[in-house]
Amino acid sequence: MNAPINTLGRLLRSPAGVAGLALLALLALAALSAPFLFPGDPLAIAGAPLTPPFTDPAFPLGTDRLGRNVLAGLFHGAQASLAVGLAAAAVSIIAGALVGTIAGFAGGLVDEALMRVVDAFQTVPGFLLALAFVSVAGASLPVVILAIALGAWTGPARLARAEVLSIRERDYVAAARVIGMHPAEIALREVLPNALPPVLALAAVIVGNAVLIESALSFLGLGDPNIVTWGSMIAEGRNVLRSAPFLSIVPGIGLVVTVLGVYLLAEGLSDALASRKARP
Amino acid sequence: MNTISLSRRTLIRGSALLLVSTALPPVAFGQSGSRLIVAADSEPRNLNPAIVASNGVFFIASKVIEPLAEASFDGEGGLAPRLAIAWEGSDDGLSATFRLREGVKWHDGQPFTSADVAFSALQVWKPLQNLGRLVFANLEAVDTPDDHTAVFRFAKPTPFQLIRNALPVVSSVVAKHIFEGEADIAASEANNRLVGTGPFRFAEHRPGEYYRLERNPDYWGEGEPKLDEIIFRVLPDRAAAAGALEAGEIQLAAFSQVPLTDLDRISKVPGIEVYSKGYEALTYQLGVEINHRRAELANVKVRQAIAHAIDRDFVVRTIFLGYAETATGIVPKNAPEFYNGDVRAYPFDVDKANALLDEAGYPRKDGGTRFRLRLLPAPYFTETRQFGDYLRQALAAVGIDATVVNNDAAAHQKAVYTDHEFDLAVAPTVFRGDPAISTTILVRSGTPAGVPFSNQGGYENADIDALIDKAGETVDTTARTELYKQLQVLVAQDLPIINVADWGFITVASSQVKNVSNNPRWAVSNWADTELES
């Protein structure tokens, strides 16, 4: 089973995939190094308020309205954004893949019921769903992650079901049935792993969306106010947009780079997977 | 060929012009010389100032419905006559006599008489109005010996000092013939189709767009009003007001609709003036409300430590950009009649705060944290939210780990004032000219749950309660003032609430607008003398 290695190899041969991987690696590095480079609370008041960027060596990107270090916020914000993005993607992929596999494998009434639930979730825009959920449940990091996953799990569910529908007719599944494996075991051990790769390709898109939704929530004041996120930095900066635009631009660039990286990686991944399928 | 293409071009040009003209607001076609366009940030559900005595309502309604007297910089006792021309309280505090202005007409042509005042006081201010309920709690009857005299009779002595100080806020007179016979005055349709005696008539309201007020030609003030029309354009986005002013779409933005951070820039724009005067009688106070049900916060040393941990100068300088004053207690400095600065002070001192917390029996544990708190900043102002962020950091410096909980307005009110689900809250309370109107309620015990901006922290202090009750029935002005000065000493000692800063708002107007900010409640006064120079 060297399919994953082959996929990785193909990914590394596609320029988009390499660029995406590089950008994301950079972000991951920033996120991981944040606690070492900028120990302590990035929301702490560190210096004179509204120091412009590139004027004080202690604050290379300046300070905000209350005198908080923008560079520290940027690094810690990368942590929050990536954490939210990855966690939301993980939750929605796991939930979606499970629901999709069960629906596809069981068929019949169970399939109908589950798919109608998926339809119900899909009719409501993901952002609205997240907005409503956070305003009811209160703003904290786990709630925000769940809220985003709530709108994102339907994509993986549909894709997983479609894959499962084709896989369950394969010979090895029939063989598993014949040797008397429990249906749940077949579904989870034989079908699901093979249905997963295309679903995983969706993960990159979900991460990108999750980062954007989290920022939008923070921008509207519905993020966790006790951690620094790029969205909340932009919202803060918006008050002084005319006099200190860098406060909004700096985290905005962070967002652009993240989402760009994620989409490039997704592009590369889907190319790599497509060429794997194309081969007999 | 050439001529055809030319005519086509002209046609396109002509139609483009037509298109542009439809996009222009109708406003642009009037005589802009006498039409004042003002930014409004809210559309109150009930626009009747006799029922809802709040600044959002007054901002629009005070031009239509007038009080008995208005606050004034140079008038006697800080008041200028409006519908009343003279007032006097009896020595026993059981009656107050008002001589009313003659020759005043309601906007529908009916004469204004003492019957309107009696009706407003007994049917509206006392039973329905948020502040009148307190001020007129003991009002029993209003005698009307003639059409231009109203005598208020009280069941218990009511200090005339309080009535006088409250007049601009609580005494908006509504017409008896409009509301008489209504089963439920608070829900009446007439509350949003105002009929008053003021310099402007209520013309129309387009929800989400604008309010239009037009000149009252029969106004009692000679040569007033100076404007033909006032348009309140609804601009809920605060950031939009500055742009609209610069573009000349509006001529005035009050109540700091232009964010403080934009003032420095906009004050340099030619043709635009920034006024920080005109809000002296409606001082907002930035305070930290405390839930005394928490064992840690019930300890006065902890409260004093928190007071020492807050750098008031930093707050004034950074959050309010200098447009505020540091506070020493529950009465602001710009209420000189009552202010007492000779109270225990809490200068910024982190070491002292740490020492007090150690003394109180809450040492730093392993992580350097003494205990955890929930901190709920009120969402109404950018400044209250920012102060919440600052306070969290200030508390962290003394080892108190505060978790900020952000709520919308409705959820915040419920959490703090009804459910008491908070440890510390940041509140923008208002001082309204007399401590008995909306200030003593912040520290006196016994207010039922659900009353916003009252003592909902479970604070009880028999001495403070007794002092407030005594002041409530002291008729002699000097003695009553002295009691409130003592109250400030007690409050500063025991800190049921921690006051940080007092701030007024900023008005930004085109320099064409004249007579701006010429009284201490200017934004919510009648604007009869406001002029627009072309």
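Start your tour by selecting B:N515, which sits in the loop between strand 20 (513-514) and strand 21 (531-532) of chain B. Strands here are DSSP runs of E with at least two residues, helices are runs of H or I with at least four, and both are numbered from the N terminus. B:N515 is not a glycine, yet its phi is positive, about 60 degrees. This residue is partly exposed because 13 other C-beta atoms lie within 10 Å. (Buried means 20 or more other C-beta atoms within 10 Å of the residue's own, exposed means 12 or fewer, and partly exposed is in between; C-beta atoms are placed from the backbone.)

Before you go on, note that this is a predicted model, in which local features need pLDDT of at least 70 and side-chain atom pairs count only at pLDDT 80 or more, while totals for chains, interfaces and linings use all residues. Residues are numbered from 1 along each chain as its sequence is written, and chains are lettered from A and ligands numbered from 1 in the order in which they are written.

Next, select B:L495, in the loop between helix 17 (477-494) and strand 18 (497-503) of chain B. Is B:L495 buried or exposed? B:L495 is buried, since 22 other C-beta atoms lie within 10 Å. Its phi is positive too, about 50 degrees, although B:L495 is not a glycine.

Now pick B:P225, found in the loop between strand 9 (210-215) and strand 10 (229-234) of chain B. The peptide bond that joins B:E224 and B:P225 is cis, with omega about -5 degrees.

Then move to B:A137, in the loop between helix 4 and strand 6 (139-146) of chain B. B:A137 counts as partly exposed because it has 13 C-beta neighbours inside 10 Å.

**Chain B as a whole**

Zoom out and colour chain B by secondary structure: there are 17 helices and 21 strands. Its C-alpha atoms fill a box of roughly 90 × 75 × 40 Å along the principal axes. Of the 534 residues in chain B, 49% are buried.

Colour by domain next: domain 1 is 16-64 + 198-278 + 506-532, domain 2 is 69-179 and domain 3 is 283-503, with bounds from an automatic or database domain assignment. The centres of domain 2 and domain 3 of chain B, taken over C-alpha atoms, are 33 Å apart. Their contact takes 13 residues from domain 2 of chain B and 11 residues from domain 3 of chain B (two residues are in contact if their C-beta atoms, placed from the backbone, lie within 7 Å). On the domain 2 side, helix 4 (132-135) and helix 5 (160-170) of chain B each supply at least two residues. Helix 5 of chain B gives the largest share of that side, five residues.

**Where the chains touch**

Show both chains. How many residues does the contact take from chain B and from chain A? The contact takes 14 residues from chain B and 16 residues from chain A. On the chain B side, helix 8 (260-266), helix 13 (382-396) and strand 16 (400-404) of chain B give two or more residues. The largest share, six residues, comes from helix 13 of chain B.
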